[in-house]
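I opened the model to look up how its parts are packed. My entries follow in the order in which I made them.

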Amino acid sequence: MPQKRNSQEPPRVMTWMKASPVLILSFIFDALRFMFSQFWFFGPVLIGIGTSAVVGGVTGKVAGVIAGGASVLGAPELQIFGIVMAMAVGLLGWLTIGLLLIITNARIFKENAGNTLWFIASLGISEIPFIGALPALTGTVVKMYSTQIKKEKAMLRKYEKEQDAVQLQERKQQAAELMQVRAAQLAQDEI
């Protein structure tokens, strides 16, 4: 009688396609944080573009240049605003991505304790003024996912090898049982 197959399920494997929504969101938060940490440059440009869009036409372009130039005079205030906003966006991004990872893929923290430390370090980097312009969150999430994907693919290969060995053993046992049944039939036919 054939034995029951090994009912163990294959291990779950993370792929880059499954990880892409979190990676895209972390990139967006890093891009926003970069924009705010460089707000001393982007602020006057955005003010000028906004003014020219609201007023419109040639008058709007002139008003945009004047508004952008006038905001350069307020550069220290823009820089402080940018730093505060960069820190706020960095914290919001870190909390959002962390919550998403815990809800959708808690294995990323459970299977590799070092990922928790990397993730906490990304918060520290993102909260340091000017250095926070670096894409720490995206880099950390990419590193965490690449570690998880490598480990889970290795576990899947190991599982597949074990399943192949189990199937080979089952086929050998079935062949042996079949030989015994045929031998018994031949012995009975000779009688």
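**Entry 1: α6 and α7**

I began with helix α6 (residues 113-126) and helix α7 (residues 136-190), whose axes come within 9 Å and cross at roughly 170°. Axes here are lines fitted to C-alpha atoms, for helices over the stretch in contact, and angles run from 0 to 180 degrees between N-to-C directions. α6 and α7 are therefore roughly antiparallel to each other; angles under 35 degrees count as roughly parallel, over 145 as roughly antiparallel, 65 to 115 as roughly perpendicular and the rest as oblique.

I then listed the contact (heavy atoms within 4.5 Å). From α6 it takes Asn115, Trp118, Phe119, Ser122 and Ile125, and from α7 Ala136, Leu137, Thr140, Val141, Lys143 and Met144. These residues divide into 7 nonpolar, 3 polar and 1 charged. Nonpolar covers Ala, Val, Leu, Ile, Met, Phe, Trp, Tyr, Cys and Pro, charged covers Asp, Glu, Lys and Arg, and the others, Gly among them, are polar.

The model is predicted: local features need pLDDT of at least 70, side-chain atom pairs count only at pLDDT 80 or more, and totals for chains, interfaces and linings use all residues. Residues are numbered from 1 along each chain as its sequence is written, and side-chain values use heavy atoms, with hydrogens and water left out.

**Entry 2: Trp118**

I looked up tryptophan 118, which is found in helix α6. Its relative accessible area is 44%, so it is partly exposed; buried means under 20%, exposed over 50% and partly exposed in between, with a 1.4 Å probe and protein chains only. Not counting residues up to four places away in sequence, tryptophan 118 touches Thr140 and Lys143. Tryptophan 118 and leucine 137 are 19 residues apart in sequence and 9.6 Å apart in space, C-alpha to C-alpha.

**Entry 3: Asn112**

I found asparagine 112 in the loop between α5 (107-110) and α6. Asparagine 112 counts as buried because its relative accessibility is 18%. Leaving aside neighbours within four places in sequence, asparagine 112 is in contact with Arg107, Thr147 and Lys151.

**Entry 4: α1 and α2**

I next took α1 and helix α2 (residues 39-55), whose axes come within 6 Å and cross at roughly 90°. α1 and α2 are therefore roughly perpendicular to each other. Phe34, Met35, Phe36 and Ser37 of α1 make the contact with Phe39, Trp40, Phe42 and Leu46 of α2. The residues of this contact divide into 7 nonpolar, 1 polar and no charged.

**Entry 5: cavity search**

I searched the whole structure and got 1 cavity of 30 Å³ or more. The largest cavity has a volume of about 50 Å³. Its lining is made of Arg33, Ser37, Ile83, Ala86, Met87, Ser126, Ile128, Pro129, Phe130, Gly132 and Ala133. On a 1 Å grid over the protein atoms alone, a cavity is a set of points where a 1.4 Å probe fits but cannot get out, and lining residues have an atom within 4 Å of a point. Grid points are joined across faces, edges and corners, and a volume is the space filled by probe spheres set on the points.

Which element gives the most to the lining of the largest cavity? α4 does, with 3 residues. α1 (16-37) and α4 (75-104) each supply at least two residues of that lining.

**Entry 6: whole chain**

I noted 7 helices and 0 strands in the protein chain. Helices (H or I, at least four residues) and strands (E, at least two) are DSSP runs, numbered from the N terminus. Buried residues make up 30% of the 191 residues.

Definitions and conventions: 1 Å grid on protein atoms, 1.4 Å probe; cavity = no way out; pocket = protein on both sides within 12 Å on 5 of 7 lines; lining within 4 Å.
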